[in-house]
Each structure stands twice: as structure tokens, then as C-alpha cells.
Amino acid sequence: MKNIALITGATSGIGKATAYLLAPKYKLILTGRRKERLDELKKDLSATTDVHTLCFDVSKREESMAAIESLPSEWKEIDVLINNAGNAHGLGPIHEGNLDDWEAMIDINVKGVMYMSRAITPGMVARKRGHVVNIGSVAGIEAYANGNLYNASKFAVDGLSKAMRLDLNPYGIKVTDIKPGLVETEFSMVRFKGDEERASKVYEGMTPLKAQDIAEIIEFVINRPAHVKIADVLVLATDQASATVANRKK
């Protein structure tokens, strides 16, 4: 019998790659805000596994709680929660920051993790088993100029992961924080609000990570033996040395 994995932000990037990779071994609950993409995923992956989709915004408290409450009984025992949904909005100094962008990052990157974890971990505690995987960032351990609120949101994920690990340790529940560096997904297009030229320069002259790379790490950590807990993973492209240093070929 397959365990159940819930993936937030499953309609693109790391979330989508993870859904395809886990499908042979897990039943999947896939969440996202774009229903047409969720429908396509369900149609495609249903040949491999059982799929249940939930279309809602993890940054909205009522929507998040209602979505999890709506799960049929056969889908309620979630074994793996992958808090993948997140975004960067804008890039600029603190004194010029866009307040709407700031709130959007705090809402999805921090509150989204909080809401989903609060909704799902009680069941894990009751069953004394489970695994929470939070997708953080190298930006959560290294601040960089103009990153301010994005840095703050990912530092929060790092702190939250550490605290969750303490809280859930008595119940045998694993918590993993995966911190990718530069990953070539829709991330930069969102950050630069659709400006393809600016987005492409983020990866210029180097070979960034791909969504599949992070999906493979997620698959690895959640399939370790029961006595093994991989707590924290920093993943960088070979060309990247830190949040701000990369070997860019001219």
C-alpha cells in the first residue's frame, strides 16, 4: 500500500518535478492555485498512481484549513508534507521596497508553511509518524543586498524548521529543510514580474540547478530508513559558491 505525500505548489518547478518523481511510489495530493495545471497533472499522473488535487492559496488561512478538512477519509492520513510553495517578488533596497511585494512573500513563504504544517501535523502526531519537508533557500542562511524581505522570509523557514524538529521529535516525526541555491524555474520570471531579459541574466554564464535535481534530493531524504533523519540540506550548483558568488564564464 502506497503512502500519501502532499505537495504544495505542485503546478510548476520543483513541485511539479517532485510529483512526477514520487508518483510510482506514493499516492499524491497536489495543491496549487492554477486549476487547469492541476487538472493536467492529475490526468497525466493518474496512469501511475492515485491523485487528489486541491486548488487553493496556501497563503490564505481559511482556504488552507478548509482544503485539508475537505479531504475524503481515505486521503486524510498524510505521511509526507512537502511545503514547496513559495515566491520571490521584486528586488531592491529596503528604503524603496514595495509593500505589496513584501506582504506577498511573507504570506506565501512563511504563513503558507505555517498553515499547512498546522493543518497536517496533528494527524502525524496522533499516528506517531510522518515527515515534513520545507523548501527553504540559501537566502535563508546568507543575506544579500536588495534581498531584504525575501531573505527574511527564508530565514524564517530555517528557524521554523529547527523549532518544528524540536516540537515533533517526541512523536517520531522527521523534519527536513532543503535549501537550494540558483534553480532555473519560473522563480526569476516571477521576481522580475515577467521581464524575460532580467530573468535570463540570473543564470547567465553558468549552469544552474534544475527542478529535477531538487526533486531527486526530496525523494532521497523521505525514503531513508526509519532511524535516519536528514535534517538540513544546502544544495548549490557547481558554479555557485554562495548566495552571491558564482563562476560565470564570459
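This is a short tour of one predicted model, stop by stop. Residues are numbered from 1 along each chain as its sequence is written, and side-chain values use heavy atoms, with hydrogens and water left out. Because the model is predicted, local features need pLDDT of at least 70 and side-chain atom pairs count only at pLDDT 80 or more, while totals for chains, interfaces and linings use all residues.

**Stop 1: the largest pocket**

Select Asn87, Tyr150, Thr185, Phe187 and Ser188. Among the 50 lining residues of the largest pocket, these lie nearest its centre. The pocket holds about 1100 Å³ of space. A pocket here is an open set of points on a 1 Å grid over the protein atoms alone, where a 1.4 Å probe fits, with protein on both sides within 12 Å along at least five of seven lines; lining residues have an atom within 4 Å of a point. The volume is the space filled by probe spheres set on the points, which are joined across faces, edges and corners.

Now colour α1 (13-22), β2 (26-32), α5 (148-168) and α6 (187-191). These are the elements that give two or more residues to the lining of the largest pocket. The largest share, four residues, comes from α6. Helices (H or I, at least four residues) and strands (E, at least two) are DSSP runs, numbered from the N terminus. By type, the lining divides into 23 nonpolar, 20 polar and seven charged residues. Ala, Val, Leu, Ile, Met, Phe, Trp, Tyr, Cys and Pro count as nonpolar, Asp, Glu, Lys and Arg as charged, and the others, Gly among them, as polar.

**Stop 2: helix α2**

Select residues 35-45. Leu38, Leu41 and Leu45 are buried in this helix. They cover an arc of only 60° around the axis, so they sit on the same side of α2. The arc is that of the directions from the helix axis to the C-beta atoms. Turn to the other side of α2: Glu40 and Lys43 are exposed there. Buried means under 20% relative accessible area, exposed over 50%, and partly exposed in between (1.4 Å probe, protein chains only). The buried residues of α2 pack against α1, β2 and β3 (51-55). Contact means heavy atoms within 4.5 Å.

**Stop 3: Asn83**

Go to strand β4 (residues 80-83), where Asn83 is found. Asn83 counts as buried, at 2% relative accessibility. Its side chain makes a polar contact of 3.2 Å with the side chain of Ser117. A polar contact is a pair of N or O atoms within 3.5 Å; within protein, one must be able to donate a hydrogen and the other to accept it, and residues adjacent in sequence count only if both atoms are side-chain atoms. Beyond four places in sequence, the contacts of Asn83 include Thr8, Val132 and Val133.

**Stop 4: Thr176**

Next, select Thr176 in strand β6 (residues 174-180). Thr176 is buried, with a relative accessible area of 0%. A polar contact of 2.8 Å links its side chain to that of His131. Not counting residues up to four places away in sequence, Thr176 also touches Arg165, Val221 and Ile230, among others.

**Stop 5: two loop residues**

Most residues other than glycine have a negative phi. Lys128 has a phi near 55°, a positive value. Find Lys128 in the loop between α4 (99-127) and β5 (131-135). Lys128 is exposed, at 55% relative accessible area. Asn146 has a positive phi near 75°. Look for Asn146 in the loop between β5 and α5. Asn146 is partly exposed, at 34%.
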